[in-house]
Amino acid sequence: MSATTKAPGRPAAGPVLALDDLGVVFTTETGEVPAVKGVSLEVAPGETLALVGESGSGKSTIALAAMGLLDTNARATGSAVVAGTQVVGTPDSALAALRGKSVSMVFQEPATALDPLTRIGRQISEVIRNHRDVPAKEAAAEAVELLRRVGIPDPENRARAYPFQLSGGQRQRVVIAMAIANEPGLLIADEPTTALDVTVQAEILDLLRRLAVDTGTGVLLVTHNMGVVADFADRVAVMYQGEIVETGPVEDVLLRPGHDYTRRLLAAVPRLSVAEARAEAVAEAETAAAGRKPEAVRDEPADSAHTPGAPAPVAELTDISVVFGRGKAAVRALDGVSLHVGPGETLGLVGESGSGKSTAARVALGLIPPTSGTVTLFGSDLARTRGRARRALRSGIGVVLQDPVASLDARMTVGECVAEPLRVHSRQLSAKDRQAKVAAVLERVRLPREVARRAPRELSGGQRQRVSLARALVLEPRLLVADEPTSALDVSVQEAVLEVITELQEELGFACLFVSHDLAVVQHFAQRVVVMRAGRVEEQGSTGTTLLHPETDYTRRLLAAVPVPDPAVQRARRADRLATLAAGRSEAQA
């Protein structure tokens, strides 16, 4: 492609991103805080460089610095060259033409990147016309073609839809369509799949991989998911406390890490045992030697129905159906779902987005009344309890949600947030007694008592999630409902939070309904698992049996979509998954 005909955002030659001794310092009320310290790295055209590390390591700050989007209290030093343009020190007004043309960004949460009041096609067209002199009609047609290119079904009609009318995976595809509209030389993807279930995540990674190959776009991938790194990256840079401590080809860093911090990160990654079995097969094929055996998993007897004579379930859903809306607009969210959680047991509830798993959890909490069926909590029919009896049932349930920022009141201190259930359900306690209980439960979740005086915004993501856990457990409930409690956390923080839950479950003996799309976490954390699909129970049983030897094609597809932190194994798993999908499409067409 000549210089006169090259794509709008494509540099003529050289790296699409070059950082040289980049530093970023934030000015705060307590002084200057260095976030990035002397970072140097390059991304070549068509290459994917993964930037990994714990929350607070500086990786997202580097992404924002490359876009020239740092906050006003940030000061950047050194050099950041994007498509031949020096970003550091360049006025924001001069960088407007660069963004969306030479460099684009895909954020973790597409809802924050899309205008809820503007149709999808219009938003993509605006990105095109902001950087190119294209007639409105031509831009609209190009927007439809971009939607088709990123795999949106029925793109002509979807272009007229609003963001809320699309699924999470479809919204992320729209954001990607906007990011590639002007064929930028550099695409920065900041945790682009964290909030997506494993099958949609696999589709998004396939899409990004194909775009990088087809267009030669360089990709800077910011992530804490080592499986995604193994599946997608060519090289890896590991960050710790604002510095790059290790960099190299993905096979070297993930399979032969040289730095202790990298080894600790990889050790914290939960491994899917079915993938480890595949790893053994790959190792045997490559080395003609005996491979390691899959790690043992907790395997309890499979009892998909409550066994007569066994301890009564803490929570039980029997033939539950939930219908939202009426007439032609009615949506059946749950259809004849039956499941139970035994005393001291952890039940994993898994499935794709829209499968009904969170709806089932809300039914168990009494937040959504079932259209039909029975909800039994602690031996009582929830529908037949009223007033104080119903409040007493609810006091026996603790809840931990995915996003602690949204679930903790920013106007309260941590101590006030944790004490709130005590004020509602234990009104006879004095203020001094509540304060003592709050201090005790904070220590139980490995937080110092002094945290009670701080605001939630002053804590890290992992600390905030432990505050949510403390609030859920302050009444010493018999049932903990955890809805995606670790999906937004990096692997080491995730490991710490799960360790705390496990220790407290052994100490307090509560049952746990654990809703997650992370099958590896579920396999290591739950004794039994229920797999949901389109509002129904697809299969259920002991975790070891169901996830190692699934009975249904759907569960096998879920497991095949889980990326694992071994590049060689992941390539084999991806090839197997794509072959299975191709075979399924051929059968459907026949």
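**Cores, sheet and ring pairs**

V174 touches L114, I120, I124, L147, I152 and L166, leaving aside residues up to four places away in sequence; contact here means heavy atoms within 4.5 Å. This is a predicted model, where local features need pLDDT of at least 70, side-chain atom pairs count only at pLDDT 80 or more, and totals for chains, interfaces and linings use all residues. Numbering runs from 1 along each chain as its sequence is written, and side-chain values use heavy atoms, with hydrogens and water left out.

**Nonpolar cores**

- V174 is also one of the residues with the most contacts inside the largest nonpolar core, together with I124, I176 and V229.
- That core has 56 residues; a nonpolar core is a set of buried Ala, Val, Leu, Ile, Met, Phe, Trp, Tyr and Cys residues joined through side-chain atoms within 4.5 Å.
- Buried is under 20% relative accessible area, exposed is over 50%, and partly exposed is in between (1.4 Å probe, protein chains only).

- Six strands make an open sheet with mixed pairing, in the order β6-β7-β8-β3-β9-β10; two strands pair if DSSP finds at least two bridges between them.
- β6 (103-106) and β10 (243-249) sit at the edges with a single partner strand each, so one side of each has no neighbour in the sheet.
- From one strand to the next, the twist averages 15°.
- β3 (residues 48-52) pairs with β9 (residues 235-240) in the parallel sense over four bridges, and V52 stands opposite V238 in β9.
- Helix α7 (residues 168-179) lies across β6 and β7 (186-190), running at about 175° to β6; axes are lines fitted to C-alpha atoms, for helices over the stretch in contact, and angles run from 0 to 180 degrees between N-to-C directions.
- Helix α11 (residues 260-267) lies across β9 and β10, at about 100° to β9.

**Aromatic pairs**

- The count comes to three aromatic pairs, where rings of Phe, Tyr and Trp (its six-membered ring) pair if their centres lie within 6.5 Å, and planes under 30 degrees apart count as stacked, over 60 as edge-to-face and the rest as tilted.
- Y162 and F164 are stacked, at 6.2 Å centre to centre with 15° between the planes.
- Y162 is partly exposed at 24% relative accessible area, while F164 counts as exposed at 62%.
- Y240 and Y261 form a tilted pair, at 4.4 Å centre to centre with 35° between the planes.
- This pair links distant parts of the chain, with Y240 in strand β9 and Y261 in helix α11, 21 residues apart.
- Y240 is partly exposed at 28%, whereas Y261 counts as buried at 3%.

**Around D115**

- D115 is in the loop between α3 (110-113) and α4 (120-131), and counts as partly exposed at 34% relative accessibility.
- D115 touches Q123 and P163, again leaving aside residues up to four places away in sequence.
- D115 and Y162 are 47 residues apart in sequence but 8.5 Å apart in space, C-alpha to C-alpha.

**Cysteines**

- The count of disulfides is zero, a disulfide being a pair of cysteine sulfur atoms within 2.5 Å.
- C417 counts as buried at 1% relative accessibility, and C512 counts as buried at 0%.

How values were computed:
Helices (H or I, at least four residues) and strands (E, at least two) are DSSP runs, numbered from the N terminus.
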